[in-house]
Amino acid sequence: PVHAGAKGKSAGHNVDMGDVRGSGRTRTIPQKGMTFPRGHNPPRRKPSAINGLPDASCARQHRQDIKGAPIMAATIWYEKDADLSVFDGKKVAILGYGSQGHAHALNLRDSGVDVVVGLRPTSKSVEFAKEQGLEVKPVGEAVAEADVVMILLPDQYQAAVYKKDVEPNLKPGAALAFAHGFNIHYGYIKPSEDHPVFMVAPKGPGHIVRREYAAGRGVPVVVAVEQDPDGKTWPLCLAYAKALGALRAGAIKTTFTEETETDLFGEQDVLMGGINHLCDLGFDVLTEAGYQPEIAYFEVFHELKMLVDLANEGGLNKARWSCSDTAQYGDYTSTVITEETKKRMQYQLKRIQDGSFAKEFMDDQAAGAPKFKKLQEEYSHPHLETVGPKLRAMFSWNNAEAKDKDEAESFNGKIARTQVQ
C-alpha cells in the first residue's frame, strides 16, 4: 500500500495486514483467506489510519498457534519515506540521558532537530549532556517548551514522572513518544485523547544506536501510533525515526500491544531468561563433573558470540552450516530444549498478556525493589564469572577503554548500574 507521508506520498513496503482488534468478530485476511479471532486483552483506543487505510495489528494474528500458518508480511519504511521538515519550528524534549536517552538526544541534534534534555537537577547526567553541547533543563521546564516529549526513563519511574512533571506542563496538543510500550499498554500512563502518542523503539541498546549513527549507518526500529488526534502522527513518528538514523536500516510497523508483549517475551524466555541461564547451568554441569572451569567457559559461553554473529549474518541455517557435522547431529538429537520448554514459554506469555508480570514487577518497584535488588546481587556472582574476567582479558578486542561515559561511569562489572540517570 501507499501511505501519505510528510510531504506527498511515502511508500510502506510489503503488505499492510489490517486491524484485527477493533471488533468483536473474526476478520478474514484477504491476502490469505484466513480468519483470526479477537485477542483477549481489553480493547484499547484504535489508532487512526494513514491515508484512510486501516492500521496494521499483527499481534492477535501471531497469537494463534496454527501449524503451518503463513507468515504475514510487515510494512517497512526507509529514509525516502519520511521528511525531517516535520520538525521545522518544533522542539523535542528527551527525558532521561541513559543508554537510549543519550543516543536519541545526540542523533536528533546532529540531524538538525532542536533538542532539550530533561533531567533532575541532581542527576550526574546533567554534566555529561552539557559537555556534549546539549541544552539541559529540569524535566518540567523541558516539557513545557516542547512540541514532542520522548520519555526514555526506566519503565518503573515513568508513571510517577509523568504525573508530577509531564502531565501538568504538557502543551496542548503536544506529542508523547516512547521507546517501549510498557506504560501505555498496561495503563500506567493514560494521556488525554488530544495528545498524539507514538513509539520509536530501536532494536538495539542506545550505545549501538549512537555508534551506528556516527558511522553513517542505523539500527532498525519498530514504530507504532496509539493516538492520532490530528491525523499527522505517522509523519511525525517516521520523521523522528529518520532523525534517529533508524530509517537507514528500516522501520517496521507494529502496535503498542505487539511491541510490549513480544519484547517482554523475548527478554524473559529467549534472550535474558533463556540464554543467560543455559550458559550458567552448562558451566555448572561441566565444572561439577570435574572439568576445568576455563575449558567449560570457552565451551558454553565464549563460543556463543561466534554463533550469534553467524546467525546475525545468515540466520540459524548459517550458524549450523558453519559447525561440524558432529555438532549439528548433537543439535538435532540431544537438545535439552523440549516441548515442556515450549509449554513453560506459553505460560510466561500468558502472564505477560494478562498483566501479571507487569503488576509483579511494578509492585516490587513501588516497595523499594527488595526482590529486584536481591536478585541483581545474586546473579552478579554466577560461577561462570569466577574465570570470566581473566579469560576475557586474553582477547585484544576486550581490552579497549569504555566506549562512552555512560558505560565508564555506570558499569563496574556487576549488573546494577552505579548511577541512575
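Q: Which residues of β6 sit on each side, and are they buried or exposed?
A: In this predicted model, Lys-91, Ala-93 and Leu-95 lie on one side of β6 and Val-92 and Ile-94 on the other, and all of them are buried, which leaves both faces of the strand covered.

Q: What does the burial say about strand β6 as a whole?
A: Five of the five residues of β6, which spans residues 91-95, are buried, so the strand is largely enclosed by the rest of the structure.

Q: OK, which strands does β6 pair with, and in what sense?
A: β6 pairs in the parallel sense with β7, residues 114-118, over five bridges, and Leu-95 stands opposite Gly-118 of that strand. β6 also runs parallel to β9, residues 148-151, with four bridges joining the two, and here Ala-93 stands opposite Val-149.

Q: And what helix goes with β6 and β7, and with which handedness?
A: Helix α2, residues 99-110, makes a β-α-β unit together with β6 and β7, and that unit is right-handed.

Q: Switching topic, what is the mean pLDDT of the protein?
A: The mean pLDDT is 83, with 77% of the residues reaching 70 or more. Over residues 1-11, however, the pLDDT is below 50, although the model has 36 contacts for this stretch beyond near neighbours in sequence.

Q: What about residues 13-67?
A: Across residues 13-67 the pLDDT stays under 50 as well, and the model has 143 contacts for them beyond four places in sequence.

Technical notes. Residues numbered from 1 in each chain as written. Predicted model: local features only at pLDDT ≥ 70, side-chain atom pairs only at ≥ 80, totals over all residues. Heavy atoms only, no water. Buried < 20%, exposed > 50% of the residue type's maximum accessible area, 1.4 Å probe, protein only. Pairing = 2+ DSSP bridges. Right-handed = clockwise from strand over helix to strand, strands pointing away. pLDDT = per-residue confidence, 0-100. Contact = heavy atoms within 4.5 Å.
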